[in-house]
Amino acid sequence: MIVDFAADQPFAQARIKLQEHYGFEIGESTIQRITLGHAQTLFETGRASRDFPQTAGRHKEIVAQTDGGMIPIVAPDARQKDKRKGKTLLWREAKISLAHPKGSKTPVYAGTIEGGVETAGRQLFECAVRAGFGANSHVHVVGDGAPWIVGQVEEQFGTQGNYLIDFYHVCEYLSAAAKAIVPNATALDAWMEAQKNALKTGCLDHVLAALAGHIEAPEIDNDQAPVRRCHRYLSDRRNQLNYSDALAKDLPIGSGEIESAHRYIAQQRLKLPGAWWRVEHAEYMLALRTTRRNGDWETYWATAGKTGSPANQNQPADARKSAA
């Protein structure tokens with residue numbers, strides 16, 4: 001119950017909840033130590049990688065998404081004896097991945113903060129494997145066009161995967177270009193609808209033609225040239241804009257699922273007002289929250305008492321006190 005409460009709310013609030021619901025008077029530092037200890041155990045347990053399944057997958061079509069979001073981090077100054085002094089506040093990207101069979105509403109999640117793009121790509125692959133990916137499966141990945149995502153989809157899935165840029169992300173480029181091309185609000189809406197329909201029906205060349213006649217002069221800076229930026233963006237990503245094929249197969253063309261996951265997995269606990277995390281503690285808590293979302297909570301507690309104490313239980317008291 002201690003870890004359950006603290007997984008969702010600040011340690012101080014978990015202390016109040018434990019007293020309200022169970023009548024336990026437990027110190028905040030104890031709640032923090034116990035929670036981070038189990039979270040670290042879950043993090044280290046989850047680092048075991050999954051190999052490519054040589055057998056047929058349980059599902060032919062897997063939907064996968066991955067994206068990054070910023071988390072508030074505090075880095076103590078190791079030269080200071082007083083840990084309250086010399087701290088550096090910064091933001092680090094938490095990369096969240098998910099995968100599920102086509103049509104399913106129950107994704108498998110994973111997340112990393114320190115691991116980098118290779119770790120995030122491996123986690124995306126492992127989510128897909130757990131979701132039913134195998135030798136005869138195909139993975140449909142949707143994202144915001146970040147080059148690291150494209151690269152990892154190619155590296156992890158090869159010819160068994162395809163990458164589609166989030167349709168609404170593309171529309172942001174189109175909208176900026178439309179404002180420069182069409183001065184009238186009513187005409188602007190009509191122009192946008194025409195381009196969206198062209199993209200959804202596989203007529204990318206029609207969109208590029210509609211932009212080509214309005215591309216800004218070369219001497220205009222790129223940040224002041226929305227039509228040029230949009231034309232270049234679409235031209236460079238032709239093989240990532242196959243919306244007609246996705247729609248025909250009843251596959252998503254938007255990445256709203258992963259954007260929502262960032263809110264309820266990472267930000268809901270790690271991005272609270274005034275909260276700054278040691279990066280390793282944020283990593284552990286992210287593992288804790290994905291474990292609960294993946295339905296592994298009861299499995300962990302069924303074995304936790306048999307596998308020894310949490311990872312940091314035997315550390316000196318002063319080493320256990322720092323947290324968000």
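The legends below accompany close-up views of a predicted model.

**Figure 1. Overview of the protein in the predicted model.** The secondary structure of the protein comprises 13 helices and five strands, and 46% of its 324 residues count as buried. When contacts between residues at least 6 apart in sequence are considered, 67% of them join residues that are at least 24 apart. The protein exposes about 16400 Å², of which carbon and sulfur atoms supply 49%.

**Figure 2. Strand S3 and its hairpin with S2.** Strand S2 (residues 88-101) pairs with S3 in the antiparallel sense, over five bridges, and the bridge partner of Leu 98 in S3 is Tyr 109. Six residues lie between the two strands of the hairpin, where Gly 103 takes a positive phi near 90 degrees. Strand S3 (residues 108-112) is mostly covered, with five of its five residues buried. In a regular strand, the side chains alternate between the two faces of the sheet. In S3, Val 108, Ala 110 and Thr 112 point one way, whereas Tyr 109 and Gly 111 point the other way, and all of them are buried.

Figure 3. In helix H5 (residues 147-157), the buried residues are Trp 148, Ile 149, Val 150, Gln 152, Val 153, Gln 156 and Phe 157. These buried residues of H5 pack against S1, S2, S4 and S5 as well as against helix H4. Helix H5 is followed by Gly 158, which has a positive phi near 55 degrees.

**Figure 4. The packing of helices H8 and H9.** Two packed helices are described by the angle between their axes and by the distance between the axes. For helix H8 (residues 204-212) and helix H9 (residues 226-235), the angle is about 155 degrees and the axes are 10 Å apart. Because angles over 145 degrees count as roughly antiparallel, H8 and H9 are roughly antiparallel to each other. The crossing in which H8 passes H9 is left-handed. On the H8 side, the contact is made by Leu 204, Val 207, Leu 208, Leu 211 and Ala 212, while H9 contributes Val 227, Cys 230, His 231, Leu 234 and Ser 235.

**Figure 5. Asp 250 in the loop between H10 and H11.** Asp 250 is placed in the loop that lies between helix H10 (residues 243-248) and helix H11. Its phi is near 60 degrees, which is a positive value in a residue other than glycine. Asp 250 counts as exposed because its relative accessibility is 62%, and the cut-off for exposed is over 50%.

Terms used. Residues numbered from 1 in each chain as written. Predicted model: local features only at pLDDT ≥ 70, side-chain atom pairs only at ≥ 80, totals over all residues. Heavy atoms only, no water. Buried < 20%, exposed > 50% of the residue type's maximum accessible area, 1.4 Å probe, protein only. Helix = DSSP H or I, 4+ residues; strand = E, 2+ residues; numbered from the N terminus. Pairing = 2+ DSSP bridges. Contact = heavy atoms within 4.5 Å. Areas by Shrake-Rupley, 256 points an atom, 1.4 Å probe, with all protein chains shown as cover. Axes fitted to C-alpha atoms, helices over the stretch in contact; angles between N-to-C directions. Parallel < 35°, antiparallel > 145°, perpendicular 65-115°, else oblique. Left-handed = near helix turned anticlockwise from the far one by under 90°.
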